[in-house]
Amino acid sequence: MGQGFLPWITHHRLSRFCSVGVIATLVHGSVLSLLQAGLGLPRADANLLAFVVAFVVSMAGQQRFTFNDRLQGKRLNANGLVILFLINATAAFGLGSVVKGGFVILLPVLPAGINYVLLYLFSGSARFRR
């Protein structure tokens with residue numbers, strides 16, 4: 001089981017991804033709470049804005065910490081970042097529109113799963129590196 005439960009998920013990479021993800025999730029949740037409670041924005045709007053902030057934190061951390069070996073010292077290019085952002089923003093906005101009550105804590109979970117898979121794929125492809 002040294003490779004993880006899927007061959008492309010190593011324990012080392014997964015733990016780094018989770019560490020960055022926890023930080024991005026805390027940022028997401030904090031900004032979401034601030035925008036909703038502090039500024040009174042609707043949940044969907046607040047979640048989208050919180051997602052943007054968390055996305056930046058996540059992308060910087062994942063490129064420098066989690067997937068640096070696959071990126072070979074490079075960074076994702078604009079095409080990769082735009083695709084990741086659009087897919088994840090759609091998921092975040094959609095979830096923000098339908099999630100109610102105590103389930104709000106789950107808002108960052110789907111984008112996190114999507115990010116891992118897409119970052120793994122994109123970081124190994126020269127097409128998405130600059």
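Gln 72 sits in the loop that links α3, residues 68-71, to α4. Keep in mind that what is on the screen is a predicted model. Phi of Gln 72 is near 55 degrees, which is a positive value in a residue that is not glycine. As background, most residues other than glycine have a negative phi. Is Gln 72 buried or exposed? Its relative accessible area is 56%, and the cut-off for exposed is over 50%, so Gln 72 counts as exposed.

Now the overall layout. The protein has 5 helices and 0 strands, and along the sequence the pattern reads α-α-α-α-α. There are 130 residues, and 39% of them count as buried. If you take the contacts with a separation of 6 or more, 72% of them are between residues 24 or more positions apart.

Next, the pair formed by α1 and α2. Helix α1 covers residues 11-38, and it packs on α2 with the axes 8 Å apart and an angle of about 155 degrees. Angles over 145 degrees count as roughly antiparallel, so α1 is roughly antiparallel to α2. The crossing of these two helices is right-handed. Which kinds of residue make up the contact of α1 with α2? There are 16 nonpolar, 8 polar and 3 charged residues in that contact.

Leu 26 is in helix α1. With a relative accessible area of 56%, Leu 26 is exposed. The C-alpha atoms of Leu 26 and Ala 54 are 8.4 Å apart, and the two residues are separated by 28 residues along the chain.

Leu 49 belongs to helix α2. Its relative accessibility is 43%, so Leu 49 is classed as partly exposed. Beyond its neighbours within four places in sequence, Leu 49 is in contact with Leu 35 and Leu 41. For Leu 49 and Leu 35, which are 14 residues apart along the chain, the C-alpha atoms are separated by 8.4 Å.

Ser 58 is also a residue of helix α2. Is Ser 58 buried or exposed? At 6% relative accessibility, and with buried meaning under 20%, Ser 58 counts as buried. Leaving out residues up to four places away in sequence, Ser 58 touches Val 20, Ala 24 and Asn 115.

In soluble globular proteins, nonpolar side chains tend to be buried together. In this model the largest nonpolar core has 15 residues, and the members that touch the most others are Phe 55, Met 59, Phe 67, Leu 76, Leu 84, Leu 119 and Phe 122. Which elements give two or more residues to this core? They are α2, residues 43-66, α4, residues 78-98, and α5, residues 109-123. Helix α5 provides the largest share, with 5 residues.

Take Met 59 from that list. Setting aside neighbours within four places in sequence, Met 59 is in contact with Leu 81, Leu 84, Asn 115 and Leu 119.

To go back over the main points: 5 helices and 0 strands, α1 roughly antiparallel to α2, and a largest nonpolar core of 15 residues.

Methods:
Residues are numbered from 1 along each chain as its sequence is written. This is a predicted model: local features need pLDDT of at least 70, side-chain atom pairs count only at pLDDT 80 or more; totals for chains, interfaces and linings use all residues. Side-chain values use heavy atoms; hydrogens and water are left out. A nonpolar core is a set of buried Ala, Val, Leu, Ile, Met, Phe, Trp, Tyr and Cys residues joined through side-chain atoms within 4.5 Å. Buried means under 20% relative accessible area, exposed over 50%, partly exposed in between (1.4 Å probe, protein chains only). Helices (H or I, at least four residues) and strands (E, at least two) are DSSP runs, numbered from the N terminus. Contact means heavy atoms within 4.5 Å. Axes are lines fitted to C-alpha atoms, for helices over the stretch in contact, and angles run from 0 to 180 degrees between N-to-C directions. Angles under 35 degrees count as roughly parallel, over 145 as roughly antiparallel, 65 to 115 as roughly perpendicular and the rest as oblique. A crossing is left-handed if the near helix is turned anticlockwise from the far one by less than a right angle, and right-handed if clockwise. Ala, Val, Leu, Ile, Met, Phe, Trp, Tyr, Cys and Pro count as nonpolar, Asp, Glu, Lys and Arg as charged, and the others, Gly among them, as polar.
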